Amino acid sequence: VKPRWTGYNPVKSHFRVGSVSGREMWSGCYDDLLNLALERQMERLPAADFLQVKGIRTHIHEQLADWMLQVCEAYGFDHTGPGADVFYCAVVITDRYIAAVTTVELNELSALAFAAIYVAAKVTGATITARSLARIPGQGHSEDDIKRLELKILVTLGWQLEFLTPRDFLDHFILRLPFNATEAELEIIRKRSYFFSNALIYDPTYVTFGPAIIAASALYSSIVGLNGPNEITPLFCEIPRKFLSTFFDLAKYFPKKKGCLMKCVKVMKDLSRLTAA
């Protein structure tokens, strides 16, 4: 199916700042875009109780997300390039479809996940084919099955497939950090931020936070580190006070949701231990 997204989103289309190596890019224009994106970040996310309404248990969602991440990693969709958002978009598309249909059978979820990855790759500009997905051993779905379900997803969601992701917000927040970092450090920050944000998407409560809070929480966690059984060490051996102020600098973008940001960091901490184990 050739894309004909009626869901074109000018906020998303002009929101990315590209490389954050030059802070001279930071201008009032980006402030305006960030404020507008913050207002619209919850658009096209499923309702918070979508799993309960459909009678699907949380662990099923976690298993499905884990399998989808494995497929995305097998195709090389990491934190860089056009494939960086495939995993997040595929999970959101899957969840939106589950929320939109009257009923969904558990035995349909694996085929739905394949088709969602296929659709997400098209939306984000990544390269993947239904034929290659159908060749994955043991999955039991043909190329025609994937394409047929692709069309079903598109029709069910009304072709509204553009929505904001944590990656859309990440570089905007990095630009506004209260310290300077080298290119090597920024690359580490991005990698770790994607690890944390991917960990959170396992839990269906991600829809209650929204992509901006997920990005801010992942950024904070990637810098200060998380202590616990599978300890993730701080990015820097000694964290100056200015690094510890990062949370408060990010929290100012959510004046009414500071508690939500703190909760997101906690959930991210718990889930990252599981995924790193």
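**Buried residues and the nonpolar core in a predicted model**

User: Where is Glu162 placed in this predicted model?

Analyst: Glu162 sits in the loop between α8 (143–156) and α9 (166–175).

User: Why is Glu162 called buried?

Analyst: Its relative accessible area is 14%. Buried means under 20%, so Glu162, at 14%, counts as buried.

User: What makes Leu133 buried?

Analyst: The relative accessible area of Leu133 is 0%. The cut-off is under 20%, therefore Leu133 is classed as buried. Leu133 belongs to helix α7 (residues 130–134).

User: Which residues does Leu133 contact, leaving aside neighbours within four places in sequence?

Analyst: Leu133 is in contact with Val71, Tyr75, Phe114, Tyr118, Ile128, Gln139 and Ile146. A contact needs heavy atoms within 4.5 Å. As for Ala115, its C-alpha atom is separated from that of Leu133 by 9.0 Å, and the two are 18 residues apart along the chain.

User: Which residues touch the most other members of the largest nonpolar core?

Analyst: Phe173 and Tyr206 do, in a core of 89 residues. Helix α6 (residues 109–124) gives the most to this core, 13 residues. In soluble globular proteins, nonpolar side chains tend to be buried together.

User: What does Tyr206 touch, not counting residues up to four places away in sequence?

Analyst: Tyr206 touches Leu45, Pro46, His61, Tyr88, Val91, Val92, Asp95, Leu200, Ile201 and Ile214.

User: How much of the chain counts as buried, and what is its secondary structure?

Analyst: Of the 277 residues, 51% count as buried. The chain has 15 helices and zero strands. Its accessible surface comes to about 12900 Å², and carbon and sulfur atoms hold 54% of that.

User: What share of the contacts with a separation of 6 or more joins residues 24 or more positions apart?

Analyst: Such pairs account for 80% of those contacts.

User: What is the confidence in the chain, and where is the pLDDT below 50?

Analyst: The mean pLDDT is 76, and 76% of the residues reach 70 or more. The pLDDT is below 50 over residues 17–27, a stretch with 23 contacts in the model beyond near neighbours in sequence. Residues 226–241 are also below 50, and that stretch has 34 such contacts.

User: Why should low-pLDDT coordinates be read with care?

Analyst: Where pLDDT is low, the predicted coordinates should not be read in detail.

Technical notes. Residues are numbered from 1 along each chain as its sequence is written. Side-chain values use heavy atoms; hydrogens and water are left out. Helices (H or I, at least four residues) and strands (E, at least two) are DSSP runs, numbered from the N terminus. Buried means under 20% relative accessible area, exposed over 50%, partly exposed in between (1.4 Å probe, protein chains only). A nonpolar core is a set of buried Ala, Val, Leu, Ile, Met, Phe, Trp, Tyr and Cys residues joined through side-chain atoms within 4.5 Å. pLDDT is the predictor's confidence in each residue, from 0 to 100. Accessible areas come from the Shrake-Rupley method with a 1.4 Å probe; for residues, only the protein chains shown count as cover.
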